[in-house]
Amino acid sequence: MAMKIVSHGLDSIELSDKTFYKFSKLIYAQAGIVLGDAKKQLVKSRLIKRIRTLGLESFDEYFKYIEKSNFSGEEMILMLDAISTNKTHFFREESHFNFLTSNVLPDIVAKHPTKYAIKVWSAACSTGEEVYTLGIVLSEFLKNNSNYTFNFLATDISTKVLQKAELGVYPSENVVGISKNLLRTYFQKGQNNFADKFRVKESLRKITTFKRLNFMDADWGIRDSFDIIFCRNAMIYFDKPTQKTLVGRFHQYLKPGGYLFIGHSESLLDSRHLFKYIQPTVYQK
């Protein structure tokens, strides 16, 4: 029997405009991510890895493969993992964390002078640097005040980045900007073969819950309400109607007086919403 040889070179499998539009329509329906014509090469370069892994011959075959599970199986999740952009670092957009320390946390303490549990949601947590930065900031601010406890929910659409986030292990270059004092307090340096790694200490990991969340799901499966929600640099991938819906849902999940932080490349100024404007990228319920 003749053996079928499949070539998997990057340029050997073409993505036609018609098939690209099928994928972009599917990704918009499933995840709210808008992929215009300029993103065709990005889609090709990211999805071709899945095609190789599955031993398929074309993007059309791959689309049909996902379709077999009614667009709801494991491969749909893996496809969205491949498409998702995950760029972050510790203390990214540092002004937000400074504002937390100077304004938000004093406001919460003033409103709740006795024992209180602060709840914080990192709504597009990527590989975890954001939520662990939040943990460091709250720990530092409240380290001499036993009246307050805090815990974190960290969500993302990508299972791949959530696994990294939950593990909490980062190469040394990722923690370069963190002071030696904070590194000693909140990280454990690896030994021997892991000498170039740092792991977030259990004190922060044990108060952080990681969960896969697709913003397009009708039920997010979250029953808590929050004092602070960070959703930064995620809404830039959505169109205006999707952004408006998402902001409205965040409003529902915030406690009265709670704060929403969005990315510096994002704004709610050109859309109707129920939030009070505090300063650029910071809003209050």
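**Entry 1: helices α1 and α3**

I began with the axes of α1 and α3, which come within 10 Å and cross at roughly 30 degrees. Axes here are lines fitted to C-alpha atoms, for helices over the stretch in contact, and angles run from 0 to 180 degrees between N-to-C directions. The two helices α1 and α3 are therefore roughly parallel to each other. I applied these classes: angles under 35 degrees are roughly parallel, over 145 roughly antiparallel, 65 to 115 roughly perpendicular, and the rest oblique. The crossing of α1 past α3 is left-handed. A crossing is left-handed if the near helix is turned anticlockwise from the far one by less than a right angle, and right-handed if clockwise.

I then listed the residues in contact: T19, K22, F23 and L26 come from α1, and F59, D60, Y62, F63 and I66 from α3. Contact means heavy atoms within 4.5 Å. By class, the residues of the contact of α1 with α3 are 6 nonpolar, 1 polar and 2 charged. Ala, Val, Leu, Ile, Met, Phe, Trp, Tyr, Cys and Pro count as nonpolar, Asp, Glu, Lys and Arg as charged, and the others, Gly among them, as polar.

**Entry 2: basis of the model**

I note that this is a predicted model, in which local features need pLDDT of at least 70 and side-chain atom pairs count only at pLDDT 80 or more, while totals for chains, interfaces and linings use all residues. Residues are numbered from 1 along each chain as its sequence is written, and side-chain values use heavy atoms, with hydrogens and water left out. Helices (H or I, at least four residues) and strands (E, at least two) are DSSP runs, numbered from the N terminus.

**Entry 3: aromatic pairs**

I looked up the ring pairs and found a count of 24 aromatic pairs. The rings of F23 and Y62 have centres 6.0 Å apart and planes at 25 degrees, so I recorded the pair as stacked. F23 lies in helix α1 (residues 17-31) and Y62 in helix α3 (residues 59-67), 39 residues apart, so that the pair links distant parts of the chain. The rule takes rings of Phe, Tyr and Trp (its six-membered ring) with centres within 6.5 Å; planes under 30 degrees apart are stacked, over 60 edge-to-face, and the rest tilted.

**Entry 4: helix α2 and its partners**

How do the axes of α2 and α3 cross? They come within 10 Å and cross at roughly 75 degrees. That makes α2 roughly perpendicular to α3. On the α2 side I noted K44, L47, I48, R50, I51 and L54, which meet F59, Y62 and Y65 in α3. The contact of α2 with α3 divides into 7 nonpolar, no polar and 2 charged residues.

I next turned to helix α2 (residues 40-54) and helix α4 (residues 74-83), which pack at about 140 degrees with their axes 8 Å apart. That angle makes α2 oblique to α4. The crossing of α2 and α4 is right-handed. V43, R46, L47, R50 and L54 of α2 make the contact with E75, L78, M79, A82 and I83 of α4. In this contact of α2 with α4 I noted 7 nonpolar, no polar and 3 charged residues.

**Entry 5: the sheet of 7 strands**

I traced an open sheet of 7 strands in the order β6-β2-β1-β7-β8-β10-β9, with mixed pairing. Two strands pair if DSSP finds at least two bridges between them. The edge strands are β6 (208-212) and β9 (276-279), each pairing on one side only. Neighbouring strands of this sheet are turned by 20 degrees on average, direction ignored.

Strand β1 (residues 116-122) and strand β2 (residues 148-156) run parallel, joined by 7 bridges. I found K119 opposite N151 in β2. Helix α10 (residues 240-253) packs on the sheet and touches β1, β7 (226-231) and β8 (254-262), its direction making about 140 degrees with that of β8.

At the β9 end, 3 bridges join β9 to strand β10 (residues 282-284), and the two run antiparallel. Y277 stands opposite Y283 in β10. β9 and β10 form a hairpin with 2 residues between them, and T281 in the turn has a positive phi of about 75 degrees.

**Entry 6: the sheet of 3 strands**

I found an open sheet of 3 strands, ordered β3-β5-β4, with antiparallel pairing. β3 (169-171) and β4 (187-189) stand at the edges with a single partner strand each, so one side of each is left without a neighbour in the sheet. The twist averages 30 degrees from one strand to the next.
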